[in-house]
Structure formats: structure tokens, C-alpha cells
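Please examine the sequence and structure shown below. The briefing after them is arranged by topic.

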Amino acid sequence: METVLFILFGAIAVCGALMVVTRKHPMVSALYLILTLFAVAALFVLRQAHFLAAVQVIVYAGAVVVLFVFVIILINVPVTRMPVERASTTRVLGVFAAGLFILESAVLARRYSMPIGPAAEVGTVEVVGRALFTDYLLAFEITSVLLLAAVIGAIALAKRKI
Amino acid sequence: MIAPSAYLLLSAILFGIGVVGVVARKNVLIILMSVELMLNGVNVAFVAAGSYLGDPAGGVFAFMVMTVAAAEAAVGLALLIALYRLKETVDITDLKVLKW
């Protein structure tokens, strides 16, 4: 059962990701991005990471993608003025390099296996909360500075006159 | 029981597709979405590694990556709006003021 679900959601995530990078219009890409993010959230649930799955849906699908959709509607580039995609040498080489990376990691993943530790929950509210407020407290506090910097940066960049 | 390497392979595939989007597309919006795909691929690896090794650090770092992704999307889209106001384009190849 677990294997079936893993293959199903893994396939949805990969197909959605392929559609994100191949569609012409960014709005279609954004909708496929939501599909991929939901499939990845389902994979988190398979690994018992319920809190992270919920955060994935709320923060990614609920905030980040909505921001993308909002900007796509706001600047509203007409289809005739979308950049024309042409295959150049550097881009073909880039795609080739990415394919090589996937192939390489497939070979490595087949050869070397990860040691399996004691079964433990890692993504529930209790476990993540305990780790965040004890061992990783400094990183957690610095995250707030990062978010503040992002807020100030976003306002300063997007505003016409400050 | 799914082997841990299956999750790592899926994470590598998602990351690789994100790399393809970043290097092969010209539309800035799609490039930003591809960066989100790459960050998500890394998250899959973090959660899988944390859960198989029994270490809560995996979940914590996936959480941090999500924070960084949200900040990156906000700043990246603000930059895009500023650029669109200036040059009326979303084509990355038109943005070459700093190129020599």
C-alpha cells in the first residue's frame, strides 16, 4: 500500500514538475506547481511528517503560489510579448548536465544505501517544536531576522517612491 | 517499506527538473517557479533522511528551507515587478545591463 502511494504521488510530483518547466504561459505553470506541491505534501504524510505537510500546503500552495499568481495577473504580459524560447547550445548543454546529474544520483542511490536508524517521527508538531525551541533556537530566531529583511526588501523594491 | 534511496532519487529528479527550468527557460516567472521546485526537491531529501535516521533535524531544516523559499519568492517577485516597470519585459535575456 505504501509503495503504491509512493509511486502514485511521486509520479504526480515529477509529471507536475515537468509541466511547470515546459508550459509557455506562467499561469499554467503556477497551477501545475500547486499540483506538484500537493503531491510532495502527500509524500511528507507518507513519512509521518504531518506538520510539515500542513506547512507545505499552507505556506507554499497558500502563500507562495498565490503571490506568483497575483504577480502574473498584476503585470499581465500579453501572449505575443512572452519571450520566444529557442534551443541554443548553452541551454541544450544545461539540460544535458541536469540529466547527467539525475543519472548520477540514480547510480549512487542504487549503490550506497542510507543506514536506517530507529523508527521515529520527525515531522509532527511535537517533535519539530521541541527541536526548534531547544537545539535550534538560535537558527529559529535568526529566521525572524531573515523574514524581516525579506519584508523590508520586497517593499523597498516594489514601491515606486519611498 | 520503501527504500530510503527511492526518496533520494525522487528528490534528485525534482531538483534536476528545477535546474532544467532555470537554465533552459527565458521567462523570469518560470525561472522563479523552477527555483521553488529545486527547494522542494531538497525538502523531500531532508524529510526522508530525517525520518529514516530518526533525527528531528531533518524536519527542522525542511522548515527552515520553507522559510527561505517564502522570503526568496517575496524578494524575487518584488525585483520582477521593479524590472517590469523599468523595461516592460519578462525575458531574462533582455536584462543584460551588468553584462560585458
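This is a predicted model: local features need pLDDT of at least 70, side-chain atom pairs count only at pLDDT 80 or more; totals for chains, interfaces and linings use all residues.

Residues are numbered from 1 along each chain as its sequence is written, and chains are lettered from A and ligands numbered from 1 in the order in which they are written. Chain A has six helices and zero strands, whereas chain B has three helices and zero strands. The contact between the chains takes 70 residues from chain A and 63 residues from chain B.

**Chain A: overall form**

- From the N terminus on, the elements of chain A follow the order α-α-α-α-α-α; helices (H or I, at least four residues) and strands (E, at least two) are DSSP runs, numbered from the N terminus.
- Chain A has a radius of gyration of 20 Å, well over the 15 Å that the globule rule gives for 162 residues, so chain A is more spread out than a compact globule. The radius of gyration is taken over C-alpha atoms, and the globule rule is 2.2 Å times the number of residues to the power 0.38.
- Along the principal axes, the C-alpha atoms of chain A fill a box of roughly 55 × 45 × 30 Å.
- Buried residues account for 25% of the 162 residues of chain A. A residue is buried if 20 or more other C-beta atoms lie within 10 Å of its own, exposed if 12 or fewer, and partly exposed in between, with C-beta atoms placed from the backbone.
- Of the contacts in chain A between residues at least 6 apart in sequence, 56% join residues at least 24 apart. Two residues are in contact if their C-beta atoms, placed from the backbone, lie within 7 Å.

**Chain B: overall form**

- Along the sequence, chain B shows the pattern α-α-α.
- The radius of gyration of chain B is 17 Å, while a compact globule of 100 residues would have one near 13 Å.
- The box filled by the C-alpha atoms of chain B, taken along the principal axes, is roughly 50 × 25 × 20 Å.
- Of the 100 residues in chain B, 59% are buried.
- Among contacts in chain B with a separation of 6 or more, 49% are between residues 24 or more positions apart.

**Contact between the chains**

- The contact draws 70 residues from chain A and 63 residues from chain B. On the side of chain A that touches chain B, at least two residues come from each of α1 (2-22), α2 (26-46), α3 (50-75), α4 (89-111), α5 (125-133) and α6 (137-158) of chain A.
- With eleven residues, α4(A) gives the most to the side of chain A that touches chain B.
- By class, the side of chain A that touches chain B holds 52 nonpolar, 13 polar and five charged residues. Ala, Val, Leu, Ile, Met, Phe, Trp, Tyr, Cys and Pro count as nonpolar, Asp, Glu, Lys and Arg as charged, and the others, Gly among them, as polar.

**Helix packing in chain B**

- Helix α1 (residues 4-24) of chain B packs against α2(B) at an angle of about 165°, with the axes 7 Å apart. That makes α1(B) roughly antiparallel to α2(B).
- Axes are lines fitted to C-alpha atoms, for helices over the stretch in contact, and angles run from 0 to 180 degrees between N-to-C directions. Angles under 35 degrees count as roughly parallel, over 145 as roughly antiparallel, 65 to 115 as roughly perpendicular and the rest as oblique.
- The contact of α1(B) with α2(B) has 19 nonpolar, six polar and no charged residues.
- The axes of helix α2 (residues 28-53) and helix α3 (residues 57-87) of chain B come within 8 Å and cross at roughly 175°. That makes α2(B) roughly antiparallel to α3(B).
- The contact of α2(B) with α3(B) has 17 nonpolar, six polar and two charged residues.

**Selected residues of chain A**

- A:L5 is placed in helix α1 of chain A and is partly exposed, with 14 other C-beta atoms within 10 Å.
- A:Q48, in the loop between α2 and α3 of chain A, has a positive phi of about 65° although it is not a glycine. A:Q48 counts as partly exposed, with 19 C-beta neighbours inside 10 Å.
- A:N76, in the loop between α3 and α4 of chain A, has a positive phi of about 45° although it is not a glycine. A:N76 counts as exposed, with 8 C-beta neighbours inside 10 Å.
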